[in-house]
Amino acid sequence: MSTPIDYLLHLADNAVVLGQRNAEWCGHGPILEEDLALANVSLDLIGQARLLYQRVAELKGGDASEDQLAYFRDAHEFRNYTLLELPHHGPLVGYAAADRDYATTIVRNFLYSALMVLVWDGLQNSADAGLAAIAAKSVKETSYHLHHARDWLVRMGDGTDESHARVQAAVDHLMPYTEEFWTTSPAEGAAVAAHVAVDVWALRPAWDAMVNDALAEATLSRPNFHGYVTEGKVGLHSEHLGFLLAEMQSLARAHPDGRW
Amino acid sequence: MYTQSFSVADAPGQKPAAPTLSTENPEEMARFDARIDADGRIEPQDWMPEAYRKTLVRQISQHAHSEIVGMLPEGNWISRAPSLKRKAILIAKVQDEGGHGLYLYSAAETLGTSRDQLLEGLHSGRAKYSSIFNYPTLTWADVGVIGWLVDGAAIMNQIPLCRCSYGPYARAMVRVCKEESFHQRQGYEALLVMMTGTEAQKAMVQDAVNRWWWKCLAMFGPPDADSPNSAQGMRWGIKRISNDDLRQKFVDATVPQAKVLGITLPDPDLKWNEARQHYDYGQIDWAEFWNTVEGNGPCNKERLSTRVKAHTDGQWVRDAALAYTRKQQERAMKEAA
Ligand SMILES: [Fe+2]
Ligand SMILES: [Fe+2]
């Protein structure tokens, strides 16, 4: 049984985009141990993306390859959650510059890995054996990412007044983007119908429980949601993805015939 | 990534301290000397002369700082790595260098100096790090060339340190050297692949070699005649092979690799000397080297300010962790009471 390509791309693009973001801390972390921890997270995510892109390339055939998929598609072809492409700071326009904020990084990693431990866990039973194998590897990695992010979320929330304020601001900023988790894209619908994917909607109570429990332990409050629901997974992104890809793809595109 | 193979005074303008004959404790001193002479290991709990301790703290901390600052030049290309495989390799490499920094800070801590104190030395500009990292990484080929030549030079320097008289440093070096040789092979392999690519890629590799070759030769430090601290370092089993000997080994090992790669090393004087059974090489620009060591290289300010900024920006995160731990301890005590 093979999985709809757009669904695999959604999983792969999530991983590569968040992997790219996490790697931005390398050399700039708040303490050396965190440079190493985020590099690990990034390596796991890029590893997941590579396996998923390789699977897509197999299904597509022709000259498709992991790098052609990562480097030679444009922003509107990317299927990642908008949450994952945001820079490590509060809400600013695409071309604004600001310092990286570790609270934003941690909250995003927490919200996403809390979802993905559930998703990967479910995908271990996918009718697509290749995807199930990727899920089995990824669920272990993601549970480490979740622990790491959750520990920091609690430390920051229940740390100093400053850290509490910063992490609360990051929760307020990012939580609305998680609404995108609960909408069903055509690719997700098709994959669920084909019994190769999990229905993310069904995971919502478990995700809510994990998030509420961590926020309570961190003495943080959960903002009520109202407003715009992002649509990155159908290719409608924020202003930020264009910049992320412009940087990530620049060298590969400057040498389209290059061998690396 | 890399230790200065030679002794550089930390504070600007300060000459390396002349080795003093210890009057601290003649009996202990005799035991210490005997152990060094027998090629034995000194461990943290052992008595050691103050000058030995100071020299080691300086050398190990310079090495640790080099690993950490050394993350920046290559980190510059992580976001733009041209394939996912190369991106993963590069992240893992830069992460290894951070790991080397961690072991080395721990080794220095066994000598009674905390990581905070050591970092303070780096951030205030008092402590040095390897000057090779004060040059910019201008193209992707720099990543391969740094692996091949800079990690390669580091291995030459560090293999003898695996037999260093100070146990924790020697043990850290064994692990570090294994990883550095992996980096060296990966860097070289990346270049080999680029050399099978387009003309633009080949030109990129040659350009990077042109910019890094002489800097790498200088990494081994000034000629033996101008290395005041080497003799004491040799006596103490902290330094095992002289700067010039290491440099020669590096040149001899690299020339055939350059041939296989298909690039030209930018030195018209480089040629095999049948009588010496070594390659002769040209003059290193020591004035440029010392100018960079003293803070006036192309990237000194950027490298250091970036380290300082990461530390300053991260203060609130470290404070949060401390405050949280303190609260947890207080809660545990209350529960116990
Ligand atoms: Fe290295
Ligand atoms: Fe290293």
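**Briefing: contacts between and within chains**

Over all chains of this predicted model, the count comes to 39 salt bridges, a salt bridge being a side-chain nitrogen of Lys or Arg within 4 Å of a carboxyl oxygen of Asp or Glu. The model is predicted, so local features need pLDDT of at least 70 and side-chain atom pairs count only at pLDDT 80 or more, whereas totals for chains, interfaces and linings use all residues. Residues are numbered from 1 along each chain as its sequence is written, chains are lettered from A and ligands numbered from 1 in the order in which they are written, and side-chain values use heavy atoms, with hydrogens and water left out.

**Interface of chain B with chain A**

- The contact (heavy atoms within 4.5 Å) takes 50 residues from chain B and 49 residues from chain A.
- About 4100 Å² is buried between the two chains, with carbon and sulfur atoms giving 67% of that area; buried area is the accessible area (1.4 Å probe) that two parts lose on being put together, summed over both.
- Leu84(B), Trp316(B) and Tyr324(B) supply 20% of the area that chain B buries against chain A, more than any other three residues.
- Four salt bridges are counted between chain B and chain A, and the side chains of Asp99(A) and Lys309(B) meet in a salt bridge at 2.9 Å, N to O.
- On the side of chain B that touches chain A, H4(B) gives the most, with 14 residues; helices here are DSSP runs (H or I, at least four residues), numbered from the N terminus.

**Links within chain B**

- The side chains of Arg235(B) and Asp33(B) meet in a salt bridge at 3.5 Å, N to O.
- Because Arg235(B) lies in helix H9 (residues 230-235) of chain B and Asp33(B) in helix H1 (residues 26-37) of chain B, this pair ties together parts that are 202 residues apart in sequence.
- The axes of helix H8 (residues 199-218) and helix H10 (residues 243-261) of chain B come within 9 Å and cross at roughly 145 degrees, where axes are lines fitted to C-alpha atoms over the stretch in contact and angles run from 0 to 180 degrees between N-to-C directions.
- Trp213(B), Cys216(B), Leu217(B) and Ala218(B) of H8(B) make this contact with Arg247(B), Phe250(B), Val251(B) and Thr254(B) of H10(B).

Conventions: Helix = DSSP H or I, 4+ residues; strand = E, 2+ residues; numbered from the N terminus.
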